[in-house]
Amino acid sequence: MSYSQEGNSIASGASNYQHKILDLRQQAEVVNGWLRERLQTVLPTLMKRESFDMWIVACREYNEDPVFLTLVPEPAMSARRLSILVFALNQDDTVSRYAVARTGIGGDLYEAIWDENCSDQWQMLLNLVKQRNPQRIGIGLSDTFAFGDGLSGSLYLQMKQALSEYTDRFAGAERLAVGWLETRTEKELAAYEGIVAIAHGVIAEAFSNRVVHPGITTNSDLAWWIRQRFSDLGLKPWFMPSISVQYHGSSAAQPGSQRGETVIYPGALLHCDVGFTYLRLSTDTQQNAYVLHRHEDDAPAGLREALKAGNLLQDIVAREMVIGGTGNEILARARKLALEKGLNPCIYNHPIGYHGHGAGPTIGLYDMQEGVPGRGDYELHDSTCYALELNVKYPVPEWGNQEVTMALEQTVLVRDGRFWYFDGRQEQLHLIR
């Protein structure tokens, strides 16, 4: 695994991030262009890899399969009535795409299958299946991944009844669904850098004296400011931002677990956890800031060393994120090396993409450091993205060797056997006066 640290520190031009954001119509044009390319290139490769010659995605309005909204163009608000998408692999390695629904789902991306003289939608699906005669049919059933378990119980029973002569050809399509969700194209990856730069820009603005008034502003104020900023920019947060505060004399609790309002005073170590989705690509970012006392020009050396320890843990995990390795294998190797380096590590990486907690291998959970059965047994693939999420406990001499939790999270890419940070990573604390 090659490892790139190009542009390590946070981008300096973050103040212009808002100018990157397109209007809604332009966003739809970009997303739909990406989707067309993905259906033509990504999907055939994955169907061959997972040995499916047909994939059926069926769901109902407001009870969508997790993959459904990623398979239809913008503006994709919900399914309509019973919506059925069918993908059939051809002998020339292309995929024919069908929408078995009255409402014409997907525009010109799908061939509409509808007979006004037939009132039975399941019969129309059966006719299509007979015409294609697939040998292995993927459906949304999975014990491991929610992303591959999108077929509801009632629809499964109806599908079994309608396609009774083909049920012995059914197979859970969890790996196909996960592969579709996790794989990024070159065009998506080119844009992802700038999307992460937007996240860094919002954080840099939040962790500044433009927003934080020491002695007045609370952690809750700051979290809601970030949430409002996202809304004003037309960005969709996928969870409520959180701000944690550690002081000399406070505990080193897991960042994000803090409850209640805490006023931010000089001497505070601040931690944020924020994430939004733009152009159907999600970000998940954690950074840290220090509020200076009036006599200080920088954070205490111990806090700066804690950040370096966090960066070292990032380096260790990055080098172990080898294509073909499972999440549990990566976790075990990284923890072993981190402990040998004298770190007190906690590793809980997760895939990211269409969803914040995305499809792909889970590399630890904060409360499962010995491995994650099932989701951690899935292997890392090329052209996939992750939230490199972790923390270290570190004693700070200036705080009487009190341990602080230095938590970091950065959106990253594994591409062509190399590891990349999107828009750098945090190597210096934000300073607020």
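This is a predicted model: local features need pLDDT of at least 70, side-chain atom pairs count only at pLDDT 80 or more; totals for chains, interfaces and linings use all residues.
**Exercise 1.** Identify the residues in contact with Gln314, leaving aside neighbours within four places in sequence, and state how far Gln314 is from Glu398 in space.

*Solution.* Step 1: contact requires heavy atoms within 4.5 Å. Step 2: with those neighbours set aside, the contacts of Gln314 are Leu388, Leu390, Leu408, Gln410, Tyr421 and Arg425. Step 3: Glu398 is 84 residues from Gln314 in sequence, and the C-alpha to C-alpha separation is 25 Å.

**Exercise 2.** State how many cavities of 30 Å³ or more the whole structure holds, and characterise the lining of the largest cavity.

*Solution.* Step 1: the search returns 3 cavities of 30 Å³ or more. Step 3: its lining includes Trp55, Ile56, Asp65, Phe147 and Ala177. Step 4: strand β2 (residues 54–60) supplies the largest share, 3 residues. Step 5: by class, the lining has 8 nonpolar, 2 polar and 1 charged residues.

**Exercise 3.** Determine which element gives the largest share of the lining of the second largest cavity, and classify that lining.

*Solution.* Step 1: the second largest cavity has a volume of about 40 Å³. Step 2: Val31, Trp34, Leu35, Arg38, Glu188, Leu279, Arg280 and Tyr354 line this cavity. Step 3: helix α1 (residues 24–49) contributes the largest share, 4 residues. Step 4: the lining comprises 5 nonpolar and 3 charged residues, with no polar ones.

How values were computed:
Residues are numbered from 1 along each chain as its sequence is written. Side-chain values use heavy atoms; hydrogens and water are left out. On a 1 Å grid over the protein atoms alone, a cavity is a set of points where a 1.4 Å probe fits but cannot get out, and a pocket is an open set with protein on both sides within 12 Å along at least five of seven lines; lining residues have an atom within 4 Å of a point. Grid points are joined across faces, edges and corners, and a volume is the space filled by probe spheres set on the points. Helices (H or I, at least four residues) and strands (E, at least two) are DSSP runs, numbered from the N terminus. Ala, Val, Leu, Ile, Met, Phe, Trp, Tyr, Cys and Pro count as nonpolar, Asp, Glu, Lys and Arg as charged, and the others, Gly among them, as polar.
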